[in-house]
Amino acid sequence: MVGKVEKHIENAISRDGAIHLSLIDPENVTPERAGEIAYKLQKLGSSAIMVGGSTVVSPHELDEVVKGIKKRVAIPIILFPNGVAGISQYADAIFFSTLMNSMNPYYITGAQALGAPLVKRYGLEVLPMGYIIVGSTSGAAGFVGQAVPLPLDKPELASMYALAAQYLGMRFVYLEAGSGSMRPVPSEMISSVRKSVDVKLIVGGGIRTPEQASDAVKAGADAIVTGTVIENSTIENAVRLIRSIRKKY
Ligand code: 1GP
């Protein structure tokens, strides 16, 4: 069932052409700092705050960070979990994901089965997502998730995985080049996936400049995720980056 958060995302994409999603890693910030960052990003036009990281192990710290963000923003807070420790009752929704190209069943259905009862008990809105890791610099996500990252020069492989995700019922596909990657997802790969699927296409990992963000949108991304780059960049770069994503401005 499509809930409030998914409708908010759909509406923002149809209004703006494409949207920016901000990722905050709860292991890198205090709850107060997370709130400040989220407040700034909301003001700049980010459509939702994602909270998660590949090595999150403390549900308590996660809860505190989500609460810190919630105090400061009205936009949805969406969990981006690495496993069962990535679930917080204080968030609005969860990207309920399967790591499509993991070699370990724990990341394909195991953690999902363990976490599902908690997601239900907390009443979190579920956003079903196929998560696909690409490129040899995909870092912690690829390593922890025991993925065999798709080669960046093989867009057809990404399309196959994305189409499989759609056929499995996912309403989101996330092409992930890894946080801090030196090589973001190439335009050719994004456009190949765009041609193959109708679901919402999220792209992230290593996007640092407005030009990279806008190239990804031109290639067909519906949403661009950036992590710490916004936090560390100048306000001008952050404004330009978020604006560059909106096709209709
Ligand atoms: C990581 O795709 C996200 O999961 C964001 O990556 O930190 O490089 O922006 P960056």
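What share of the contacts in the protein with a separation of 6 or more comes from residues 24 or more positions apart?

**View 1. The whole chain.** Residues 24 or more positions apart supply 73% of those contacts, a contact being heavy atoms within 4.5 Å. This is a predicted model, in which local features need pLDDT of at least 70 and side-chain atom pairs pLDDT 80 or more, while totals for chains, interfaces and linings use all residues. Residues are numbered from 1 along each chain as its sequence is written, and side-chain values use heavy atoms, without hydrogens and water. Of the 249 residues, 55% are buried, meaning under 20% relative accessible area with a 1.4 Å probe, protein chains only.

**View 2. The largest pocket.** Here we look into a pocket of about 820 Å³. Closest to its centre, among 45 lining residues, are Gly53, Ser54, Phe80, Tyr131 and Ala141. (On a 1 Å grid over the protein atoms alone, a pocket is an open set of points where a 1.4 Å probe fits, with protein on both sides within 12 Å along at least five of seven lines; lining residues have an atom within 4 Å of a point. Volume is the space filled by probe spheres set on the points, which are joined across faces, edges and corners.)

**View 3. The second largest pocket.** This one holds about 180 Å³. Its lining includes Lys4, Lys70, Asp92 and Glu125, together with Val5 and Pro76. By class, six lining residues are nonpolar, four are charged and none is polar.

Technical notes: Nonpolar A, V, L, I, M, F, W, Y, C, P; charged D, E, K, R; others polar. Buried < 20%, exposed > 50% of the residue type's maximum accessible area, 1.4 Å probe, protein only.
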